[in-house]
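Hi,

Here is the structure I promised to pass on. Have a look, and my notes on its helix packing follow below.

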Amino acid sequence: MSVKARAIYTFLSENKEEISIQENEELVIFDENSVDGWFQGENSRGERGLFPASYVEIIRTRSNSNVTDCSISPAGSLGNDSPYFPSTPNTPLSTGQIDDEDDYDDWDDWDDRSTVVEDGDNTRSPGANGHVYQSPLSNNPNVHYRAKSVSRQDSISSSRKGSMVGRNLNRFSSFVRSGVEAFVLGDVPMMAKIAESYTIDMGPLGPRWKESPQPFICSIEDPTKQTKFKGIKTYISYRVTPSHTGHPVYRRYKHFDWLYNRLLHKFTVISVPHLPEKQATGRFEEDFIEKRKRRLILWMNHMTSHPVLSQYEGFEHFLMCADDKQWKLGKRRAEKDEMVGAHFMLTLQIPNEHQDLQDVEERVDNFKSFAKKMDDSVMQLTHVASELVRKHLGGFRKEFQRLGNSFQSISQAFMLDPPYRSDTLNNAISHTGRTYENIGEMFAEQPKYDLFHMLDKLSLYQGLLANFPDIIHLQKGAFAKVKESQRMSDEGKMDQDEADGIRKRCRTVGFALQAEMSHFHQRQEVDFKDMMQAYLREQIAFYQRVVQQLERTLRMYDCL
């Protein structure tokens, strides 16, 4: 049965079985049951094919109200009674979804049976960029709380004297779903003991994450095709070796996907890089395996370079655990982590320096404009580079081969009149033809040395930049609450102490966002310098090889 859906992320097709979809595009899904995490459907342009199930949300209309239920399909819905609905892919609420090509059906006891608990005040819902805010009353990520009544969602604040700042009417906004609204308004209780801490320092250009005391790098090598159950199941295993231990562990894509979900679940104000996209067909082709490895390496490089993400206990578990039993224990421990979403904000240690909130807002607005322009530019360069790859693989090779064949034809014509023919000239012209045919092949091979690597880096930054609108929205929402609380304080409707508390918690959100902005700028400078240098070096080497071929051919005419 066909159903309507909406794309929540942009997906670019990479083979003929897939179709591209754009964020917010209306779609038609032919069958609500996904196959290996892929839907078959039709986009707004009438194109039919496959696209990732986790990139869309199915649109359902409740029969007893005018509210539209936009729940992620095929799994992860909290039910029609819940005021919160997942809006991003790869959240832990979708643990039952088979959306990884690496056979999720053999996870054994990796995922316990989920339980739905009926409780009016406890909800968990995905926040900014896929982050999930979980009620402090449960530390089990597999327990889903279903609200009895939407009208009770503000019951906590209504019973507190002076907590009169209104909640956002849009309960689906990332500001609400991430739990940052609850944090700013003081509705997130302090934990008795916080075992982890992340520090923000003041640098020359503003707030920044404190560097990791033990920086390290990590290699990803040797993608190997493996089988299990006597060949019934096939998957690719990667050797992952962190530099600070030197001991390799072997991970499949599903393990990376699990880690990615935990990162989204925990780090509300951090731009977590997107994993390489999934593919419905051709998963074991050599080119696809090589492309995925390159992009996993870039993903890992970003992870190890981030002062906060690199210190995450779940990340350390991913990098170091080689024992199956210990892996499952560590996996469950990470999934029971209470310091996620809004509670992650409690782990932040911010500087004492005063920052005027208007100055912070202006700085955030400038970054927002920069990120939008950079995102557009990255998309443009991606399109141009992709077109150039197609020309290298097709047009350029074909044109040089045609030119070479034409030279060969001239040589063959000269051979038809023996009394006047010059074997030396004919051989030189024939060699010229072969040279241009070789140059055509060189053009076809060149993208794997330069353009592919450029496109890999651009893909990483497309994902990072796509995260920032939601993260910036958190800060904007916090600013609005500060202004509203100060207005109410000036009108005598709120205690000044409570307004000051909201302002203080807004400072925490602001410092965290600025620290993430600073880290992005730092990495952007390093990454794009490396990308441009590598591209230019490969281009120079390529054209030097072309010149050498032409010079050798030219010398054949010197002895005529």
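**Notes on helix packing**

Helix H6 (residues 313–320) has Gly314, Phe315, His317, Phe318 and Leu319 buried, buried being under 20% relative accessible area with a 1.4 Å probe, protein chains only. Strands S13, S14 and S15 are among the elements that cover them, as are H4, H5 and H7. Contact here is heavy atoms within 4.5 Å, and helices (H or I, at least four residues) and strands (E, at least two) are DSSP runs numbered from the N terminus.

This is a predicted model, where local features need pLDDT of at least 70, side-chain atom pairs count only at pLDDT 80 or more, and totals for chains, interfaces and linings use all residues. Residues are numbered from 1 along each chain as its sequence is written, and side-chain values use heavy atoms, with hydrogens and water left out.

Helix H4 (residues 253–266) packs on helix H7 (residues 324–335) at about 25°, their axes 11 Å apart. (Axes are lines fitted to C-alpha atoms, for helices over the stretch in contact, with angles from 0 to 180 degrees between N-to-C directions.) That makes H4 roughly parallel to H7, a label for angles under 35 degrees. On the H4 side, His255, Trp258 and Arg262 meet Trp327, Lys331, Ala334 and Glu335 of H7.

H5 (286–305) also pairs with helix H10 (residues 451–490): their axes come within 10 Å and cross at roughly 50°.

Best wishes

Note on methods:
Parallel < 35°, antiparallel > 145°, perpendicular 65-115°, else oblique. Buried < 20%, exposed > 50% of the residue type's maximum accessible area, 1.4 Å probe, protein only.
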